[in-house]
Amino acid sequence: MERERRLRRHTWGWRLVRAFVMALGFVCMVAFAVALAKVTLVPSPASVPLTHNNLHPGSSIRLYLEQPDWRDTIKQVGGNILLGVPFGFLLPVLFPRTRGLVRVVLMTAFVMLTVEIAQGLLVAGRAFDIDDVILNSAGAFFGYLVLGRRLGRALHPRRAHWWHPRRTEPAPTAAAEKDRSRWMWGWRRSNPRPAPDAKNATPPKRSRRKLPALLRTKRP
């Protein structure tokens, strides 16, 4: 089954489908980058006195959950989680080396950490919040489990890890010798040798050795 899948991946139809999916993923990645920049890097001067940096994991999430308006809680928490979901879809498709749950989450955390640092240092009205990075990474985690894993395995060959057992095929000479011994064993069972008859058995021939020259001389 696995061999048939590998053979299908070398056909022209499969290559066209793969190219189309990767091109579509690239377009989606560009659109997502533009939307991410508009959401996170657009300055908001009116929010300058209300913003503050958060370096303590869980502090902002606790404030979101304790506020009375549950709609604002869903907007803040759910919005940050949904912002990281496209990473779980697009990274395994466009970057095969980033496939894997741990790699996708780490790559998402690195990108969003860079965005948060840019917010806190360069954008007015924005602040650095470590909880946003955690929520974005959680969104990439769910996105990879839902669809990203399947897309990555369908478009790219499976990566061989060091802990996977290596499949070693037997050498052709050993296989041929095994088949020959099996054939000979079957032939001997189907054609057994007849047991020797004691009456008709012929004694083994004795080899005539040459006598020394002194013994071959005739006596007087």
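**View 1. Thr 73 is a buried residue, with a relative accessible area of 11% (buried means under 20% relative accessible area, computed with a 1.4 Å probe on protein chains only).** Thr 73 belongs to helix 4, helices being DSSP runs of H or I of at least four residues, numbered from the N terminus. The Thr 73 side chain makes a polar contact with the side chain of Gln 67 at 3.2 Å (a pair of N or O atoms within 3.5 Å, one able to donate a hydrogen and the other to accept it, with residues adjacent in sequence counting only if both atoms are side-chain atoms). Leaving aside residues up to four places away in sequence, Thr 73 touches Tyr 64, Leu 65, Gln 67 and Gly 78, where contact means heavy atoms within 4.5 Å.

The model is predicted, with local features requiring pLDDT of at least 70 and side-chain atom pairs counting only at pLDDT 80 or more, while totals for chains, interfaces and linings use all residues. Residues are numbered from 1 along each chain as its sequence is written, and side-chain values use heavy atoms, leaving out hydrogens and water.

**View 2. Helix 2 (residues 12-40) and helix 4 (residues 70-94) have axes that come within 10 Å and cross at roughly 150 degrees.** The two helices, helix 2 and helix 4, are therefore roughly antiparallel to each other, a term for angles over 145 degrees.

**View 3. Residues of helix 2, including Phe 26, Met 29 and Phe 32, meet residues of helix 4, among them Phe 87, Leu 90 and Leu 94.** The residues of this contact of helix 2 with helix 4 divide into 14 nonpolar, two polar and no charged.

Definitions and conventions:
Axes are lines fitted to C-alpha atoms, for helices over the stretch in contact, and angles run from 0 to 180 degrees between N-to-C directions. Angles under 35 degrees count as roughly parallel, over 145 as roughly antiparallel, 65 to 115 as roughly perpendicular and the rest as oblique. Ala, Val, Leu, Ile, Met, Phe, Trp, Tyr, Cys and Pro count as nonpolar, Asp, Glu, Lys and Arg as charged, and the others, Gly among them, as polar. Buried means under 20% relative accessible area, exposed over 50%, partly exposed in between (1.4 Å probe, protein chains only).
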